[in-house]
Amino acid sequence: MTEPTFDLNRCIGAITMSLSNKLSSGASQEYRVRFGLGVVEWRVLCQLAVEPWQTGADLSSAIGLDKGSISRSLALLSDRKLIQIRNGGGRRREVALTENGWRTHTDVLVVARAREACLLGGLDAEEVDMLVSLLRRVSGNLAHVETDAEARLAISPPNAHPASTKPSVRPPHKQLTVDEASAI
């Protein structure tokens, strides 16, 4: 008997992951050559442009990256004097863009928008609006996906099947809107 398989050409997870990986890789290469920054640093700059004075944990949650990646990016941005750091009380350290950080953000944004224009080439304004609307709707379902996964785990514990391993189910986190993230 043949095991059922996913049609990866119609699997939303596979399509979006492939698109995301390719976009991130290409953007990271171009941003490193042009600006000495990777895509993670760019995402941090974007998030701080939208919401200044965030902690590393806030950034990690909002962007959806691990704290180690955020910490390394903050160190690089601090060394380059693109961010400023203040004491937020206790052990909390908060960061925001410096004037130089804002200039860099503006410069990278021009390139990011050009990359996005190429990506959306061939789509008219109505189709772009529809794509954005659909992506927002699908993104809105993420919390339900995780709740559903938790329910399945409760019914069938991870070790109930010999080939399974205990998956890590992350809690929902604040994400950038598609408009805010479109230049990422």
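Visitor: Where do Asp 148 and Arg 152 sit?
Guide: Both are in helix H7 (residues 142–155), four residues apart, about one turn of the helix. Helices here are DSSP runs of H or I with at least four residues, strands are E runs of at least two, and numbering goes from the N terminus.

Visitor: And what do their side chains do?
Guide: The side chains of Asp 148 and Arg 152 meet in a salt bridge, 2.3 Å from N to O. That term means a side-chain nitrogen of Lys or Arg within 4 Å of a carboxyl oxygen of Asp or Glu.

Visitor: Before we go on, what kind of model is this?
Guide: This is a predicted model, where local features need pLDDT of at least 70 and side-chain atom pairs count only at pLDDT 80 or more, while totals for chains, interfaces and linings use all residues. Residues are numbered from 1 along each chain as its sequence is written, and side-chain values use heavy atoms, with hydrogens and water left out.

Visitor: OK, how many salt bridges does a search of the whole structure find?
Guide: Six. Among them, Glu 99 pairs with Arg 103 at 3.1 Å, N to O. Those two are separated by about one helical turn, because they are four residues apart in helix H5 (residues 99–119).

Visitor: Glu 99, buried or exposed?
Guide: Exposed, with a relative accessible area of 62%, whereas Arg 103 is partly exposed at 44%. The cut-offs are under 20% for buried, over 50% for exposed and partly exposed in between (1.4 Å probe, protein chains only).

Visitor: What about Glu 94, which partner does it have?
Guide: Glu 94 forms a salt bridge with Arg 86, and their closest N and O atoms are 2.8 Å apart. Glu 94 is buried at 9% relative accessible area, but Arg 86 counts as partly exposed at 38%.

Visitor: Switching to strands, how do E1 and E2 pair?
Guide: Strand E1 (residues 83–89) and strand E2 (residues 92–97) run antiparallel over six bridges; pairing takes at least two DSSP bridges between two strands. Ile 83 stands opposite Leu 97 in E2.

Visitor: Which residue in that hairpin takes a positive phi?
Guide: Gly 90, with phi near 65°; the hairpin has two residues between the strands.

Visitor: Last one: where is Trp 42?
Guide: Trp 42 is in helix H2 (residues 39–50), and it is buried, with a relative accessible area of 1%. Trp 42 and Val 108 are 66 residues apart in sequence, yet 7.8 Å apart in space, C-alpha to C-alpha.
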